[in-house]
Structures are given as C-alpha cells and as structure tokens.
Amino acid sequence: MANVYLAGAIERAPNGYAEKWRDDITPILAQLGLNVINPIIADENKPEWVNNLPEWKVTNLDKYRDITKRFIIQRDYDFVRSCVGGGFVIALWDEYCAKGAGTACEISEAGELSVPTLIVSKVPIVEIPGWLLGASYPAPVFDRSETKEVSVDDFYGAIDYIKNNIRRC
C-alpha cells in the first residue's frame with residue numbers, strides 16, 4: 001500500500017483550517033487504497049507538553065527549538081521519507097504556508113527524495129517560491145487560486161494524477 005502525506009500549513013493556519021481539508025480528502029484517497037498520513041492526527045498522539053509550545057516560544061526559546069526539532073521536524077521528515085518508492089505528497093500551498101517554513105521544507109525534502117509532490121495552490125502560481133516549483137518538478141502544480149476557500153474540488157486534479165500513476169502491486 002502506497003503512502004500519501006498531506007503537507008500544508010498548520011502553525012500559522014486559522015483554527016480548524018488545517019484539519020478540514022485533510023479530513024475532506026482522506027476518505028477519497030483511502031478509497032484508492034492509499035495509506036493517508038495526516039500530521040494533524042499524528043499530533044493527537046503527542047504528549048501533553050505540546051500545548052506548552054506557543055508559550056515556550058516566548059519564555060524558553062531553547063526548549064522550544066529543541067522539542068520542535070526532535071519531535072515535530074524529525075517526525076514530519078520521517079512521514080515524507082515513508083513515501084519513497086511509490087508514494088506521493090499532496091501539498092496545499094496558500095497564504096499561511098508563506099508565513100511558515102514547514103510545508104516548504106517538506107516539499108524540498110520530497111523533491112530531494114524524488115517523491116512525486118503535487119502542489120495545490122490557493123495563491124497565484126507566480127507567488128510560489130521558485131525553489132518549491134523546482135523541487136516538485138516534474139509532478140504537476142494545480143492552480144486553484146480563483147477562490148480563497150479550500151474545498152475538496154481543489155484536490156481532484158491531484159487525485160486524478162495519483163489514480164493514473166499509482167503503482168499497483
């Protein structure tokens with residue numbers, strides 16, 4: 001079973017935003033026989049200290065940086081690495097991603113590992129950093145910037161690409 005990792009803004013996204021689009025497309029991808037890796041669900045299994053991260057960013061920067069590196073960045077890179085050899089990354093690129101670094105790093109890591117990375121963009125493509133457009137090449141980029149609101153319809157191009165390119169064992 002191939003893995004598909006759902007990359008997109010979490011830290012800078014409004015409440016409920018990061019969860020909704022992932023929850024909406026997960027059943028569709030699961031019906032294709034894919035193992036969907038949703039970092040939001042993985043967050044639910046984190047220890048209680050995760051709730052302290054915003055405070056530590058202000059009051060204890062060293063602790064914040066250490067925990068972020070060891071428990072969040074490493075985990076997300078492991079998720080991307082789990083897609084090597086037949087999996088995919090679907091990355092929602094929007095105004096919130098531009099305020100953070102996680103999604104950009106995940107797209108870059110996937111590109112380095114030759115994991116097909118499908119960018120669904122809610123901003124005009126010219127606003128996506130060139131580095132990310134190059135890192136995700138040759139997988140397609142889907143321009144869905146005509147509406148600001150994210151819906152499951154935004155992902156059908158990426159889903160069709162996966163349907164046509166998934167390796168059947």
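Trainee: Is Glu-146 buried or exposed?
Mentor: In this predicted model, Glu-146 counts as exposed because its relative accessibility is 53%. The cut-off for exposed is over 50%.

Trainee: Which residue forms a salt bridge with Glu-146?
Mentor: Arg-144 does, and the closest N and O atoms of the two are 3.6 Å apart. Arg-144 itself is partly exposed, with a relative accessible area of 25%.

Trainee: What else pairs with Arg-144 in a salt bridge?
Mentor: Asp-154 forms a salt bridge with Arg-144, and there the closest N and O atoms are 3.0 Å apart. Both residues of this pair lie in the loop between β5 and α7, 10 residues apart. The salt bridges also share partners, which joins Lys-122, Arg-144, Glu-146 and Asp-154 into one network.

Trainee: And Asp-154, is that buried or exposed?
Mentor: Asp-154 is buried, since its relative accessible area is 2%.

Trainee: Why can such side chains pair at all?
Mentor: Side chains of opposite charge can pair when their charged atoms come close.

Trainee: How many salt bridges are there in the whole structure?
Mentor: A search of the whole structure finds 11. One of them joins Arg-70 and Asp-66, with the closest N and O atoms 2.8 Å apart.

Trainee: Where do Arg-70 and Asp-66 lie?
Mentor: Both are in helix α4, four residues apart, which is about one turn of the helix. Arg-70 counts as partly exposed because its relative accessibility is 48%. Asp-66 is also partly exposed, at 34%.

Trainee: What is the span of helix α4?
Mentor: Helix α4 covers residues 61-81, which makes 21 residues. From its first C-alpha to its last it reaches 28 Å, close to the 30 Å expected at 1.5 Å a residue. The helix has a kink of about 35°, centred on Lys-69.

Trainee: Which residues of α4 are buried?
Mentor: They are Tyr-64, Ile-67, Thr-68, Arg-75, Asp-76, Phe-79 and Val-80.

Trainee: Where is the kink in helix α1?
Mentor: It lies at Ile-25, shortly before the proline Pro-27, and the angle is about 30°. Helix α1 runs over residues 17-31. Ile-25 is also among the buried residues of α1, together with Tyr-17, Ala-18, Trp-21, Arg-22 and Leu-29. Just after α1, Gly-33 takes a positive phi of about 85°.

Trainee: Let us change topic. How many residues are in the largest nonpolar core?
Mentor: The largest nonpolar core has 46 residues, and those with the most contacts inside it are Leu-29, Ile-90, Phe-155 and Ile-162. Strand β3, residues 88-93, contributes the largest share of this core, with six residues.

Trainee: What does Ile-90 touch?
Mentor: Leaving aside neighbours within four places in sequence, Ile-90 is in contact with several residues, including Val-4, Leu-6, Trp-21, Ile-25, Leu-29, Val-120, Phe-155 and Ile-162.

Trainee: Where is Phe-155 found?
Mentor: Phe-155 is in the loop between β5 (141-143) and α7 (156-165). It counts as buried because its relative accessibility is 0%. Not counting residues up to four places away in sequence, Phe-155 touches Trp-21, Ile-25, Ile-90, Leu-92, Val-120 and Val-150.

Trainee: How far apart are Phe-155 and Arg-144?
Mentor: They are 11 residues apart in sequence and 8.8 Å apart in space, C-alpha to C-alpha.

Trainee: What about Ser-121, buried or exposed?
Mentor: Ser-121 counts as buried because its relative accessibility is 0%. Its place is in strand β4, residues 117-121. A polar atom of the Ser-121 side chain lies 2.5 Å from the backbone oxygen of Val-123. Beyond neighbours within four places in sequence, Ser-121 is in contact with Trp-93, Ile-128, Phe-142, Asp-143, Arg-144 and Ser-145.

Trainee: One more: where does Asn-38 lie?
Mentor: Asn-38 lies in the loop between β2 (35-37) and α2 (39-44). Asn-38 is buried, since its relative accessible area is 5%. A polar atom of the Asn-38 side chain lies 2.8 Å from the backbone nitrogen of Ile-40.

Trainee: Which residues does Asn-38 touch?
Mentor: Not counting residues up to four places away in sequence, Asn-38 touches Arg-22, Asp-23 and Thr-26. Of these, Arg-22 is among the buried residues of α1.

Conventions
Residues are numbered from 1 along each chain as its sequence is written. This is a predicted model: local features need pLDDT of at least 70, side-chain atom pairs count only at pLDDT 80 or more; totals for chains, interfaces and linings use all residues. Side-chain values use heavy atoms; hydrogens and water are left out. Helices (H or I, at least four residues) and strands (E, at least two) are DSSP runs, numbered from the N terminus. Buried means under 20% relative accessible area, exposed over 50%, partly exposed in between (1.4 Å probe, protein chains only). A polar contact is a pair of N or O atoms within 3.5 Å; within protein, one must be able to donate a hydrogen and the other to accept it, and residues adjacent in sequence count only if both atoms are side-chain atoms. Contact means heavy atoms within 4.5 Å. The expected span of a helix is 1.5 Å times one less than its number of residues. The bend at a residue is the angle between axes fitted to the seven residues ending there and the seven starting there. A nonpolar core is a set of buried Ala, Val, Leu, Ile, Met, Phe, Trp, Tyr and Cys residues joined through side-chain atoms within 4.5 Å. A salt bridge is a side-chain nitrogen of Lys or Arg within 4 Å of a carboxyl oxygen of Asp or Glu.
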